[in-house]
Structure formats: structure tokens, C-alpha cells
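Hello,

Here is the structure I said I would pass on. My notes on its salt bridges follow below.

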Amino acid sequence: MSRLIDAVRARPAAEKPTPTQSSARRFVVIDCETTGLSPAGGDRMVSFAAIELAEATPTGRCLSLIFNPGRKSNPHALRVHGLPDHLLRHQDPFHSVAQDIRGFLDGAVLVGHNVGFDIDFLRHEFQLCGLPWGPPQSVCTMHHARGQVAGRVSLDAVATLFGIDVGIRARFHGAFVDAEITSRLFQKMILGSAEMLAVPHLAPTNQIDPPPVVRAPAVPITHGIGGHAFAVTGELTGLSREAVMARILALGGRWHHSVRKDTDYLVVGHAPGATKLDTAAARRAKYGKPDIIDEAQFFAMIAASRAGKRA
């Protein structure tokens, strides 16, 4: 893992030359996503990002990491970070890279939007690893915004006021995306930079791809919805859970809120729940069903039902 993070640190720097003076202040902009809001209540970190600046210039040294938190994200947190439990459960835990993260942060002034939140979770994670980590110097862009702007001081609101495009956050607040936006906000709002240098997006470098959730059925599905029982996990494109249920019932199918032994199909959308996936696997091993299908297969079954009605 040390070699992996060394490779991340060696990424090309931004176009503007990095200051070489040994006196250049070193800042690290950080952000984390978590299973909930309370480390004291047992919540854990699921992703972490860090972007290094020398004075106001990104150096190109960055971290983007995800972790197995050892627990499920609460529904609100999942809606924010969009990292499903079935993905996180296949990742390495925080302690696998704790030394590297601590080394990356060492000696820097930490910057964040509501940076106290991130520092509290970092301190908690380091404590769980048995690693000492003293309170670092820090700068909070949210605190500074309260003294400079009127109205809301969320990252979206403040960044937009300073001309920073936050459209990439429209669906999920990834740690690296938030750190990159905060980096530009810090350059402009606090350091007074004439231009805000962006950092190329960095996907999690330690991500372990989980085994595929959906496999093609042994026999291609050509029939419709009628006469079959369905459960759903995750979000289907453009449909609420209530709309999916109504559509299944209208086409003669049965709706199961949970995966039962007589469930024929589990439809998997975005950010599926680990519990239903595990239950479906256990039920299939014992009873031979359900088949786990994606939304494309599900909508093909809907189309088959409608074609049958027109015939």
C-alpha cells in the first residue's frame, strides 16, 4: 500500500509551477464521507481525500481512498456519498493505510469546509488503530465564509458565489470532488489567488472491485411480469419504489418487500442493499431462486408484458 500511495503522490503537478522555496506554507485540503454523523456513536469513515497545496498552488500530490467501515451507512449518509454497502464490504479497512495517511498529513495545515467534522473522524480512526495524532493546525472555509458572505454557507452555496462550478456534486458528494472544490474555494476566498487552479479528478486508488452482482440467467428471460414475484433493492432509473410496485401489480405480478423463498426475481438498481443481496444468495442456494436481474432485464419483462396485452 505504501508503494500505491507513493505513486499517487508522484502524479503530475498542476500547470502553474509549484513554489520551490523551503519556506512555502504547506496546506492539505481534506474531505471524508462517513456512515453517519457521530464517531462517538460508532460511525466510521468510508472515503477520504487529500489535496496538497504549496502556498496557493496544487502540487499534484493527492490521496483518494475508500474503506470498509465494518458497518452499514445510515440511509441519509448513503444518499449523500452514494457508496453502497455491497461495494464497501469488499474494501480494505482504514487501518490498512492509516500510517500512509498520517504521513501525508504530517506537518501540514489542514483545510476543509467544516474541517472540524473531518478532523474528528480522522482522530477517531487513528485512535482505533492505536496511532497517536495530535490536533493539527487547521483552516475552515465554512467558518471564513460566515464572515464574508450573507445567507447559506454550504459548500455548494459559497463555491457558487465565488464562480466555482459545483455541477459535479448534483448526485453524490464524493470526498475527492468536495476536496477539489474546497481547494479552489480556499485559493480564492482565503489566499486571494487571482486564478483558482483545479486538480484532475482522482478516483479511489485502493478500490477493490466486488464480484458482479447480476449474472445472466441460465435461460434468457423472454416472458413478462405476470405470475412472478419481485423484490427490489437499490434505486431504479426514474422510478420511485412505490411506482415500481404499482407497475408490477398492474401487470399481474406480485410484490415482496423482502426477499422470500417464493420470490422469483430480485431487481438490482443503483446502490443496492447488502442485506437483500445476501438473502437472495442464500435463498437461491436453498430454493433455486430468486434470479438476480438488473433494471434493463426488468424493463424488458415489462415490455414483454405490454406486448402480450396488445397481441
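**Salt bridges**

Asp264 counts as buried, at 13% relative accessibility. Please keep in mind that this is a predicted model. The partner of Asp264 is Arg254, and the closest N and O atoms of this salt bridge are 4.0 Å apart. Asp264 sits in the loop between β7 (254-255) and β8 (265-268), while Arg254 belongs to strand β7, so the bridge ties together parts 10 residues apart in sequence. Arg254 is partly exposed, its relative accessible area being 36%.

In total, the structure holds 14 salt bridges. Another of them pairs Arg26 with Glu52, with 2.5 Å between the closest N and O atoms. Because Arg26 lies in strand β1 (residues 26-34) and Glu52 in strand β2 (residues 45-54), this pair ties together parts that are 26 residues apart in sequence. Glu52 is buried at 6% relative accessibility, whereas Arg26 is partly exposed at 23%.

A further salt bridge joins Arg71 and Asp43, whose closest N and O atoms are 3.8 Å apart. Both residues are in loops: Arg71 between β3 (57-66) and α2 (75-81), and Asp43 between β1 and β2. The two are 28 residues apart, and the pair links distant parts of the chain. Arg71 has a relative accessible area of 37% and is partly exposed; Asp43, at 10%, counts as buried.

Regards

Terms used:
Residues are numbered from 1 along each chain as its sequence is written. This is a predicted model: local features need pLDDT of at least 70, side-chain atom pairs count only at pLDDT 80 or more; totals for chains, interfaces and linings use all residues. Side-chain values use heavy atoms; hydrogens and water are left out. A salt bridge is a side-chain nitrogen of Lys or Arg within 4 Å of a carboxyl oxygen of Asp or Glu. Helices (H or I, at least four residues) and strands (E, at least two) are DSSP runs, numbered from the N terminus. Buried means under 20% relative accessible area, exposed over 50%, partly exposed in between (1.4 Å probe, protein chains only).
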